[in-house]
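Subject: Structure for your review

Dear colleague,

Please find the structure below, together with its sequence.

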Amino acid sequence: MGSELLSARLFLHRLAAKTPAGERRWLVAVSGGRDSMCLLHLTLQWGRENGVEVAAAHFNHRLRGETADRDEAFVRDFCRTHGVPFVRGEGDTRALAKRQGMTLEEAGRTLRYAFLERAAAERGCRWILTAHHADDNAETMLLNLCRGTGSRGLAGIPQVRGQVARPLLRIPRREIEGYAARHGILYVEDETNSEDDAARNLLRHQVLPVLCQVNPRAVENMSRTAGILRGEGEAMDQAAAALAERARGTSRGLHISREALTAAPEAVAARAVLTLLERLCGHSQDLTAVDVGSVLAVARTDREGLEQRLSYGLRAYREGADVVITLPPPRLEPVPLRLGETAEFGGWRVSLRETPGAGECFALRLPPLTPTTVTLWRREDRFRLLGSRGERSLKRLYAERGIRPCRRDTLPVLRAGEVPAAAAGVGVDARFTPVEGEKPVFVIFQQIERGE
């Protein structure tokens, strides 16, 4: 019976049992590889027996040139031959990865699932079926373990999340191979699957075979463990969600009571923190146990001002009785500023005038005909204050004034040419200090009040 993927058929029955009677259209994600072609074959057969219409969806990631087009043509031809509705999509995976700072795998997953959700909505499909199987789940567990994870990461891939369902998730690859051979199922091979340059392929080819030598049922046992951990995790998730709801949002990010975090059991506090990190950056990929531990370290410290840098540019720091988690500010482009003008720069107004004004106001001397701009600080910036013994980095001067990195990275700097002349929160560089007898100009840094 294993060769007929019985557990997948039972899963499809359970899925149908909790689906309203009028929602009898399902969408299968098909790459053209063995696993997805077996899933399509199984679902088509089961659908005919149980009154479910099945459509196929293929996404071209535009990563493999002619072979990617070959895969798309293979799936399209199969669907035409067997009378299966076919929908295709494509996206520039490399461009998205570069633009968003993602890995290719993450960018591909983002584009693929967005396409599948659109295709399901357009065709009125209740479920999206993907061909993840037990070996995929084991690889995910091992990847998460290597990166550093809690029990949520070790729980692997969920069998159902939202409208995405994975009928093959409890079935090892060897059973799927047997099903393909028994039914003469044709498929295409992704040539990159044989390369060991990706971490997942390395685990697939070199690590899992060793584990299966230790125990031939290693993959099935890992899948069973993932199911146990997922059930236990769901109970902890409920408690963590209640704790995370105690956080409040502000213009700077999310604030949560240090006392609330430290009083909760560590497993619950860790899941609550992960929930907050996901809420800020919009996803959970590549958030690690190190990130969670760093936030909890801030909650436990008695040292005011401790700050931790996290993945995706997030930061966590202590502020009084709270832990604050912030997103990185958008990188601002330089803004030209001439005498008599006011420029808006992020959350600031910066003015260059002949008379003083309200705000943080500094008198300075500017070389004639030198262009002035407003920018953020730069790592190479050196600054010498009047009366000091020498130059210091602008970064160090910010630190000496107790300005946290998350705030430092939003402060405006006035430049004469490429040289920092004045910096909000610091003052004027000695090279630009007014000379007696010369008429100075004034730079005014004024923070914009929210609601203006």
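Glycine 162 is exposed, with a relative accessible area of 63%; exposed means over 50% relative accessible area, buried under 20%, and partly exposed in between (1.4 Å probe, protein chains only). This glycine is found in the loop between strand 5 (160-161) and strand 6 (164-165). Helices (H or I, at least four residues) and strands (E, at least two) are DSSP runs, numbered from the N terminus. Glycine 162 and tryptophan 127 are 35 residues apart in sequence, while their C-alpha atoms are 8.9 Å apart in space.

The model is predicted: local features need pLDDT of at least 70, side-chain atom pairs count only at pLDDT 80 or more, and totals for chains, interfaces and linings use all residues. Residues are numbered from 1 along each chain as its sequence is written, and side-chain values use heavy atoms, with hydrogens and water left out.

Charges over rings

Tryptophan 127 also takes part in a charge-ring arrangement: arginine 126 lies over its face, at 4.0 Å from the ring centre. The criterion is NZ of Lys or CZ of Arg within 6 Å of the ring centre and within 35 degrees of the ring normal. The charged end of arginine 34 likewise sits over the ring of tyrosine 187, 5.7 Å from its centre.

Aromatic pairs

Four aromatic pairs were found in a search of the whole structure. Rings of Phe, Tyr and Trp (its six-membered ring) pair if their centres lie within 6.5 Å; planes under 30 degrees apart count as stacked, over 60 as edge-to-face and the rest as tilted. The ring centres of phenylalanine 59 and phenylalanine 115 are 5.4 Å apart and the planes are at 35 degrees, so this pair is tilted. The pair links distant parts of the chain, 56 residues apart, with phenylalanine 59 in strand 2 (residues 53-60) and phenylalanine 115 in helix 5. Phenylalanine 59 is buried at a relative accessible area of 9%, and phenylalanine 115 is buried at 4%.

In helix 4 (residues 93-100), the residues Thr93, Leu96 and Ala97 are buried. They lie on the same side of helix 4, because they cover an arc of only 100 degrees around the axis; the arc is that of the directions from the helix axis to the C-beta atoms. An α-helix has 3.6 residues a turn, so residues three or four places apart point the same way. Lys98 and Arg99, on the other side of helix 4, are exposed.

The buried residues of helix 4 pack against helix 5 (104-123). Alanine 107 is found in helix 5 and is buried, with a relative accessible area of 0%. Leaving aside neighbours within four places in sequence, alanine 107 is in contact (heavy atoms within 4.5 Å) with Thr93, Leu96, Ala97 and Met102. Glycine 101, which follows helix 4, has a positive phi, near 70 degrees.

Helix 3

Glutamate 72 has its place in helix 3 (residues 66-82). This glutamate is buried, with a relative accessible area of 6%. Its contacts, leaving aside neighbours within four places in sequence, are His58, Asn60, Phe86 and Arg88.

Strand 19 (residues 413-416) is joined to strand 16 (residues 372-375) by four bridges, and the two run antiparallel; strands pair if DSSP finds at least two bridges between them. Valine 374 stands opposite leucine 414 in strand 19. Strand 19 also pairs with strand 20 (residues 419-423) in the antiparallel sense over four bridges, where arginine 415 stands opposite proline 420. Strands 19 and 20 form a hairpin with two residues between them, and glycine 417 in the turn has a positive phi of about 65 degrees.

Nonpolar cores

A nonpolar core is a set of buried Ala, Val, Leu, Ile, Met, Phe, Trp, Tyr and Cys residues joined through side-chain atoms within 4.5 Å. The largest has 33 residues, of which Trp26, Leu129 and Leu168 touch the most other members. Helix 2 (34-50) is among the elements that each supply at least two residues, and its seven residues are the largest share. Apart from this core lies another, of 31 residues, among them Trp348, Val350, Leu376 and Leu397.

Yours sincerely
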